[in-house]
Amino acid sequence: MTVTAVRARPTRPARLDATTTRVGAARLDWLLTVAVAGLLAAGSLLVWSATSSRGDLTAGDPEAFLKRHLVNIAIGVVLAVMVTATDHRWVRILAPLVYLASVAGLVLVLVMGSTINGSRSWIQLGGMSVQPAEFAKLAVVIGMALLVAERTEGALSTRKAWSVGSVEVAGMLTIAGVPALLILLQPDLGTMLVLSATVFGVIAVSGAGRAWLLGLFAGAVSVAFLAVRLHVLKTYQIDRFMAFTNPDLDPRGAGYNTTQARIAIGNGGIFGQGLFGGSQTKAGFVPEQHTDFIFTVAGEEFGLVGSGVLIVLLGVVLWRALRIAARADDLFGRVAAAGIACWFGFQAFQNIGMCLGIMPVTGVPLPFVSYGGSSMFATLMALGLLQNIHLRTSHGLGVTRSRLR
Amino acid sequence: MAATGSPRARASSATKGRVRLLVVQALVLSLFVTLFARLWYLQVLGGEAYQAQAAEQSVRELVVQPARGLVVDDLGRPLVANRTSWVVSIDRTLLHKMGQGRQDRLLRRLARAVQVPVRQLRARTLLCGEAGSEAGTCWNGSPYQPVPVAEDVRQQVAISIMERGEHYPSVLVDSQSVRAYPRPFGVNAAHLLGYLSPITADELAEAKARHDTSLRGASVVGRSGLEKEYDRYLRGRPGYQRVAVDSMGRVLGDSGKVRARAGDTLVTSIDARVQSVVEHQLSTTIRTARRTYDPVSHRNYVADSGAVVVLDATDGRVVAMAGSPTYDPKTWVGGITSRQLKRLYSAKARYPLLFRATQGQFAPGSTWKPVMTAGALTHGYSPSTRLDCSSGFQVGNRWFKNYESESYGFIGFDKALQVSCDTFFYRVGYQLWQRYGSDESDVDAKDPLVATAKKFGFGRPTGVDLPGEASGRIADRHWKRAYWKANKAYYCKVATHPGYDFLHVFAREFCAEGYAYRAGDAVNFVIGQGDTLVTPLQSARAYAALANGGTLYEPRVAKAVVDPSGHVVRRIRPAKVGRVKVSRSALHYIDQALLGTARTGTTAWKFMGFPLDRIHIRSKTGSAEVHGKQSTSWVASYDKRYVVLMMVTQAGTGSGTSGPAVRKIWEALYGVRGMKVDTARAALPGATPPSGLPVFARDGEILPPASSRRTPAGHR
């Protein structure tokens, strides 16, 4: 492997060269780690508070959800460590497998999945329910990054100039399209939105032409327009989607959720009602409060200050992820990290925005905070991947042919 | 993208990627700023509003309805009390969590227990607007509130459902306090007592605007009678229990409690025993009249309505008062059915809600004459006046006949009153009209008889403490002109059509000179015929003024308001409206004259064998003629203590129809047996209304007033 950087940053290689041989925890992105740990801790408290007084959910054990949530975090952290420690070559070898596995999972869901809240998104696996769509987000990001990396590196190896052209974009769209289609069949509109935003972000960061971006954007808008005009979406589905603008459109469904979410958050005020002190949370007015509407617990019990801290922590995660993307030595790393950032960013915005009533009510979890194993595992694995990319960058090791700086 | 081999192109792809990363960063930043702004907007700007909403939905106020106050009679006998009514409700949320099969089984079991058809139970549990719901049967309350499906369930059934809760999941049994009518001596007194019905949305909104916390959504409000007049005392103050509830409306815990305060007791001057006699006599009289043949109209009397008033003449308190037709106040308890309601408002049932004693307006007939006598004696006539009681009297082109064309020759006012001579009074009316008001169109012409009628309180409500009282009407010059103005357009139109039947002739006459107050009007007025109307209570009050030497009272049914612990909150005394400006000697003269009615006059044949020398009954009868109907029977009678007045419409002559009943009432008032007067047997102890209030014992028992306790309590 040779360095083919067009422009290298003068200071960085020097500093990295001195530590090339050390693969150590010291090189982890600590800010990222701390921010995620903070989110995990806050999430645990919030899940606990949201479920402790819900006898109908916990079947008598107020800590039932907390325990399961902590187990999920533990498993997720192990997965994250494993991903972090995996050699980048193995990451790229395993990536297609992860992708294929999640596509297989999505197919399985459609065949034998169970329906919750109107979409067939879960597979029951020995007392556990797995939501393959969560893993599909990660898989799509890795898959697309891999494709770009392989294509451009292949091009470089043959001494041709690399560029993300139509073939690459088409390839990326295919990689994203298969799971997207399967998700659309569930149907899981929320995940679909997050996936779309992520794919768009990945394609943009990969360096595809502006025409492609504009075309994709226009295409998405016209597809949405046609879906409404040709009644692919039923009126009640549109009403449900638009209920955040006017709760009366779907008063018993999404409209109720959005109204209750706003009441709970508004009830928090500046300093909140205190942990376990939220009247709306305790009384269970907000549906799905420990999963999709976990932010309302923060809003009510921690108030503006506490939930603001939560948003800041998420912001730190995104900042670090984007920083890792910007500093990545290879195209795979950059595209993957940027993709993960887009995924986290949009999903967090969609989730909190939905709680605050500025986004449609769709079932997406808040990364690192919401209760739910699949989401927790997928996001922690993505965190692991971010650290992996970061480690490789800071090691100065394995600078690939696609190194760009 | 053009895949050129130049380094510039390569660089551009890479740079593009980095620039785009910056764009993504900027985008992320702006999205997060948006979130912050929105969070600020919700929690700081909208915080208070959302906190209010949160409190509203997570804390529910369960209103604890207070027991409504009692209404008791003069001796403390409850006329209106409360009883416990068991209500079975279904919690919809819990019901719908059960499977269809279990729901069906439960509803069938419950239907058997409370004896309500299953279909009705199911229909009741549906929310209005829900699929399959029907207006009228569906539940229009909160979806989170238990739906009452069976009311007034037998206690046995209620307890058996409560005891076997496991067989009746989602079924709640609750007790509520509703009105009960103990009916001492079988009294009905529906018109006096009134009834209740649930508060309307408008009333609730108004109460809220007044910050009146004694009314709640579940309150019932008095709609007529004493229940309405003294509603604010009787209703008490609801307590409330604030409970935290979850999203399903299930109670999570208490968060505050305010005890309900029971309503105050209303003590009335009604005596249940007298009331029962009065009611019995009224219905007996009506029944008898309906079996009696009327030789004038050649059919039995219709006797469609009637009223009796017994007043304490010395202070204007109502001792008993009844109207017919009446209704059963129980019909209103726990909600009236629309069929029952329709009946109460129907002409066929003769509007039983209308209290004839205070709301019925009738021509007074000859019971009007004592008032006219008082007017005449203060305007130029004297006890020594002698006028011809001829068999008829010519006024203009009309011949006014005496009753049954009898003739008594020249007589004084006393004899004229006793035999109820119409022609005598025609002459009085005609002469006064000639003297003061022969200008037919002069509205302001002096009319001493009208002035006297007004002094005796006619033509305006008496001010009795019962709602919806009628004012009656004095058909004087002003009234006649106003009536003409209001109706002339119609009659003048009719007058232009050809035709010589009664209507057309009348229309032409009315159109041209309907405003004119003629001698005929004056003559009709003086004998209580024509367009003058009075309520029985107005009339009774006027007679009370004759009895007590000229004091006109605002009659009162209520005597006092007593709180649940027995303290008197308010004493209610009849207000004095004023004194009738008639000389003492004139009043005495009338008094003496009316004393003769029972001895030698129109009521003599009904008071034979009555101890008139011990109970000095003054009386005056009346048979008011109403165009197209049988005559109204009136008897007004009084002594120094009581006024007893009775009237029955379409029932014949005064004494003939009402005389026996009036005598029975007098007998009850004084304990008359044959010729003996035994006040110990009188309906009221000592034959006088008790002066004090009943005694409210600590244990809640109500004892007769101390002043009445010397008589045995056997009458309770």
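Modeller: Helices here are DSSP runs of H or I with at least four residues, numbered from the N terminus. The model is a predicted one.

Biologist: In which helix is the place of I93(A)?

Modeller: The residue belongs to chain A, and the run that holds it spans residues 88-112. That helix is α5.

Biologist: Is I93(A) buried, partly exposed or exposed?

Modeller: Buried requires under 20% relative accessible area and exposed requires over 50%. Because the relative accessible area of I93(A) is 49%, the residue is partly exposed.

Biologist: What is the area of the nonpolar surface patch that includes I93(A)?

Modeller: I93(A) forms this patch together with W90(A), L94(A) and L97(A). The area of the patch is about 410 Å².

Biologist: Which residue of chain B is in contact with F295(A), leaving aside neighbours within four places in sequence?

Modeller: The contacts of F295(A) include I265(A), N351(A) and C355(A). From chain B, the contact is L39(B).

Biologist: How much area do chain B and chain A bury between them?

Modeller: The contacts join 38 residues of chain B to 57 residues of chain A. Across this interface the rule finds 0 salt bridges, and 68% of the buried area is on carbon and sulfur atoms. The buried area is about 4200 Å².

Conventions. Residues are numbered from 1 along each chain as its sequence is written. Chains are lettered from A and ligands numbered from 1 in the order in which they are written. This is a predicted model: local features need pLDDT of at least 70, side-chain atom pairs count only at pLDDT 80 or more; totals for chains, interfaces and linings use all residues. Side-chain values use heavy atoms; hydrogens and water are left out. Contact means heavy atoms within 4.5 Å. Patches are made of residues with over 30% relative accessible area and no salt bridge: like charges are joined within 9 Å, nonpolar side chains (Val, Leu, Ile, Met, Phe, Trp, Tyr) within 5 Å. Accessible areas come from the Shrake-Rupley method with a 1.4 Å probe; for residues, only the protein chains shown count as cover. A salt bridge is a side-chain nitrogen of Lys or Arg within 4 Å of a carboxyl oxygen of Asp or Glu. Helices (H or I, at least four residues) and strands (E, at least two) are DSSP runs, numbered from the N terminus. Buried means under 20% relative accessible area, exposed over 50%, partly exposed in between (1.4 Å probe, protein chains only). Buried area is the accessible area (1.4 Å probe) that two parts lose on being put together, summed over both.
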